[in-house]
Amino acid sequence: MNEYIISACSTADLSKEYFTARNIPYICFHYELDGKNYQDDLYQSLSMKDFYQAMRDGAMTRTSQLNQIEYEEFFEQFLKEGKDVLHLTLSSGISGTYNSARMAAEVMKEKYPERKIYVVDSKNASSGFGLLAEKAKELQEEGMDIDTLYAWLEEHKLECHAWFFSCDLTFFIRGGRISKASGTIGNMLRICPLMQVEKDGKLVVRQKVHGKKKVIRSIVEKMEQYAENGFAYDWKVFISHSDCIEDASAVKELIEQQFPNTKGKIELFDIGTTIGAHTGPGTVALFFWGQDRRTIKEEQV
């Protein structure tokens, strides 16, 4: 079996230390903050606190996906070393980056016909995409070859759940994702939308919950409803947040109460600049393995 690497994009929202420890190379997206260009480099250039404070202070953000040439250069460094590549991307329902990576892979296959290169559309975002990469890494370490792993990911990736909530609609209004009137009323009424990344990889609103305590309870109820093995769930859980560690910690504590086998297996991460530029501060996301998203019938509101 030829040696292969599992790689990802920075939008998997794992920390630099986690990527390094798990030997998962990553390629960085780009963003602008008040007209200045940055890499989405996991808060190495600009701290998480400074990024979200700038947004609170009115700084305008803009993101850009990776292009085909950038992916070609990223893939080639491993192919040159005689390694095959399995790369995971941000959901195609959120970004066009999957197509850029796929086209780059085709070019590299022609240049390195003896090598294998696969690109997986995660159909997920933030640390849910990271949780999928972690599962891939574990299966690789168990001895799964690249062809089998690619097939496994395509079959099972929709079992990785992604649920989000936000208690501040300011940045959803600013980005045009909800109308100013609806957002203003929502903020006044303390409405916290509970959102899901659905089967096609798009983010949709599932519930409009009144108040932070209730939405924290509601997001954990989704895990109670859909988690693999129910309350006996014992695999990893990832939680990411945009500068609201108290809310993320409250979700973690409630999960540990309801799912005792998760103690010591829950990781908290920062929502990175690419995702955070659209959500703003105050968003919490929960990721776990569970029922295939294709079988779930939830209403969009």
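Reader: Let's start with K236: is it buried, partly exposed or exposed?

Author: K236 counts as partly exposed, at 22% relative accessibility. Buried means under 20% relative accessible area, exposed over 50%, and partly exposed in between, with a 1.4 Å probe and protein chains only. Before we go on, this is a predicted model: local features need pLDDT of at least 70, side-chain atom pairs count only at pLDDT 80 or more, and totals for chains, interfaces and linings use all residues. Residues are numbered from 1 along each chain as its sequence is written, and side-chain values use heavy atoms, with hydrogens and water left out.

Reader: Good to know. Which residue does K236 form a salt bridge with?

Author: With E134; the closest N and O atoms are 2.8 Å apart. A salt bridge here is a side-chain nitrogen of Lys or Arg within 4 Å of a carboxyl oxygen of Asp or Glu.

Reader: And where do K236 and E134 lie?

Author: K236 is in the loop between α9 (212–226) and β11 (237–241), while E134 is in helix α5, so the pair ties together parts that are 102 residues apart in sequence. Helices (H or I, at least four residues) and strands (E, at least two) are DSSP runs, numbered from the N terminus. E134 is buried, at 0% relative accessible area.

Reader: Which residues are linked with K236 in a network of salt bridges?

Author: The network links K236 with R22, E134, E138 and E141.

Reader: How many salt bridges does a search of the whole structure find?

Author: It finds 21. Among them, K212 and D247 meet at 3.3 Å, N to O. K212 lies in helix α9 and D247 in helix α10 (residues 245–258), so this pair ties together parts 35 residues apart in sequence. K212 is partly exposed at 38%, whereas D247 is buried at 10%.

Reader: Nice. What about R294?

Author: R294 forms a salt bridge with D292, the closest N and O atoms being 2.7 Å apart. R294 is partly exposed, with a relative accessible area of 45%, and D292 is buried at 16%.

Reader: Back to α9 and α10. At what angle do their axes cross?

Author: Roughly 45°, and the axes come within 10 Å. Axes are lines fitted to C-alpha atoms, for helices over the stretch in contact, and angles run from 0 to 180 degrees between N-to-C directions. α9 and α10 are therefore oblique to each other; angles under 35 degrees count as roughly parallel, over 145 as roughly antiparallel, 65 to 115 as roughly perpendicular and the rest as oblique.

Reader: Which residues make that contact?

Author: From α9 they are K212, I216, R217, I219, V220, M223 and E224, and from α10 D247, A250, V251, L254, I255 and Q258. Contact means heavy atoms within 4.5 Å. By class, the contact of α9 with α10 has eight nonpolar residues, one polar and four charged. Ala, Val, Leu, Ile, Met, Phe, Trp, Tyr, Cys and Pro count as nonpolar, Asp, Glu, Lys and Arg as charged, and the others, Gly among them, as polar.

Reader: How do α3 and α4 pack?

Author: Helix α3 (residues 68–79) and helix α4 (residues 97–111) pack at about 45°, with axes 8 Å apart. That makes α3 oblique to α4. The contact of α3 with α4 has nine nonpolar, three polar and three charged residues.

Reader: Switching topic: where is F129 found?

Author: In helix α5, residues 126–141. F129 is buried, with a relative accessible area of 0%.

Reader: What does F129 touch, leaving out residues up to four places away in sequence?

Author: It touches A8, C9, T11, A12, L88, T89, L90, S122 and N124. The C-alpha atoms of F129 and L90 are 6.8 Å apart, although these residues are 39 apart along the chain.

Reader: Last one: which phi value does N23 have?

Author: Phi of N23 is near 55°, a positive value in a residue other than glycine. Most residues other than glycine have a negative phi. N23 sits in the loop between α1 (16–21) and β2 (26–27) and counts as exposed at 54%. D243 also has phi near 55°, but D243 counts as buried, at 13% relative accessibility.
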